[in-house]
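Subject: Structure for you to look at

Dear colleague,

I am handing over a structure that I would like you to open and read alongside my notes.

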Amino acid sequence: MDIPQNLQRVQARLRSAEQRYGRAPGSVQLLAVSKTQPVEALRAALEAGQRAFGENYLQEALDKQQALAGQGAEWHFIGALQSNKTRDVAAHFDWCHTVDRLKIARRLSQQRPDDKPPLNICIQVNVSGEASKAGVAPAETAELATQIAELPGLRLRGLMALPAPAEGFSAQRRPLAALRELQQTLVSSGLALDTLSMGMSGDLEAAVAEGSTIVRVGTAIFGPRRAAQAQG
Ligand SMILES: *Cc1c(COP(=O)(O)O)cnc(C)c1O
């Protein structure tokens with residue numbers, strides 16, 4: 001795996017999609033999804049200038065954070081979040097993209113250490129309404145967002161989606177457009193949101209076309225993943 005070259009390729013895809021779809025240059029940030037990848041892979045990405053890393057498995061992430069302490073990485077939790085993980089996520093991450101209920105948000109807010117800025121939050125929305133049960137229903141998003149926006153330990157930044165994989169550009173765009181429209185509704189109602197976390201290796205052009213501000217890219221940077229570890 002030539003990680004620096006892969007990063008350059010993904011950045012080039014982003015810049016050309018920004019241009020093609022009338023987005024401001026540099027308005028889409030790259031989150032390098034490093035789950036199951038060894039710490040050497042993250043180090044190579046850091047040395048190539050990548051700062052933001054997305055991790056799904058808590059213990060694995062904590063080990064990597066320790067190994068890479070002081071090297072300027074920014075950590076985004078993008079995995080399934082249960083109550084027993086909120087304390088570590090609140091203490092050790094800069095962002096959490098997978099909040100989908102108030103109970104979890106309250107715990108993250110209470111457990112955010114006083115000496116850190118509020119934890120950046122995206123609400124995960126179940127836009128394709130199928131298989132994956134993670135994510136709040138679109139119709140319930142506004143209420144949850146209003147409640148989260150009031151929690152002092154959190155800073156609500158926007159919405160996140162993990163749509164079912166789709167073949168073809170227009171099929172990919174549909175759920176992403178739904179997330180953008182939902183975000184626009186929330187902004188019109190007065191919430192100050194600036195983030196749409198959507199787009200992965202296979203649909204990042206569709207995501208840029210629909211207004212993504214953070215794409216979460218794993219395999220296009222790091223290659224195929226090792227078998228997911230059985231851990232939390
Ligand atoms: C694994 C993962 C990604 C990255 O997927 P790729 O297809 O490897 O780019 C993005 N978002 C989430 C939430 C993930 O779990």
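A disulfide is a covalent bond between the sulfur atoms of two cysteines, and here a pair of cysteine sulfur atoms counts as one if they lie within 2.5 Å. Please keep in mind that this is a predicted model.

With that cut-off in hand, the structure holds 0 disulfides. The sulfur of Cys96 has its closest cysteine sulfur in Cys122, but the two are 8.7 Å apart, and therefore too far from each other for a bond. Cys122 is accordingly in no disulfide either. Both cysteines are hidden from the surface: Cys96 is buried, with a relative accessible area of 0%, and Cys122 is also counted as buried, at 0% relative accessibility.

The other topic is the ligand. The space that the ligand takes is the largest pocket, and 13 residues surround the ligand, the closest being Lys35, Asn56, Ser201, Gly218 and Arg225. Sorted by class, this shell consists of 6 nonpolar, 4 polar and 3 charged residues.

In Ser201, a polar side-chain atom lies 2.5 Å from an oxygen atom of the ligand, while in Arg225 an N or O atom of the side chain is 2.7 Å from a ligand oxygen atom. Arg216, by contrast, places a polar side-chain atom 2.9 Å from a nitrogen atom of the ligand. Of the 390 Å² of accessible area that the ligand has on its own, the protein covers 89%.

With best wishes

Note on methods
Residues numbered from 1 in each chain as written. Predicted model: local features only at pLDDT ≥ 70, side-chain atom pairs only at ≥ 80, totals over all residues. Heavy atoms only, no water. Near = heavy atom within 4 Å. Polar contact = N/O pair within 3.5 Å; in protein donor to acceptor, adjacent residues only side chain to side chain. Areas by Shrake-Rupley, 256 points an atom, 1.4 Å probe, with all protein chains shown as cover. 1 Å grid on protein atoms, 1.4 Å probe; cavity = no way out; pocket = protein on both sides within 12 Å on 5 of 7 lines; lining within 4 Å. Sits in = over half its atoms within 2 Å of the grid points. Nonpolar A, V, L, I, M, F, W, Y, C, P; charged D, E, K, R; others polar. Buried < 20%, exposed > 50% of the residue type's maximum accessible area, 1.4 Å probe, protein only.
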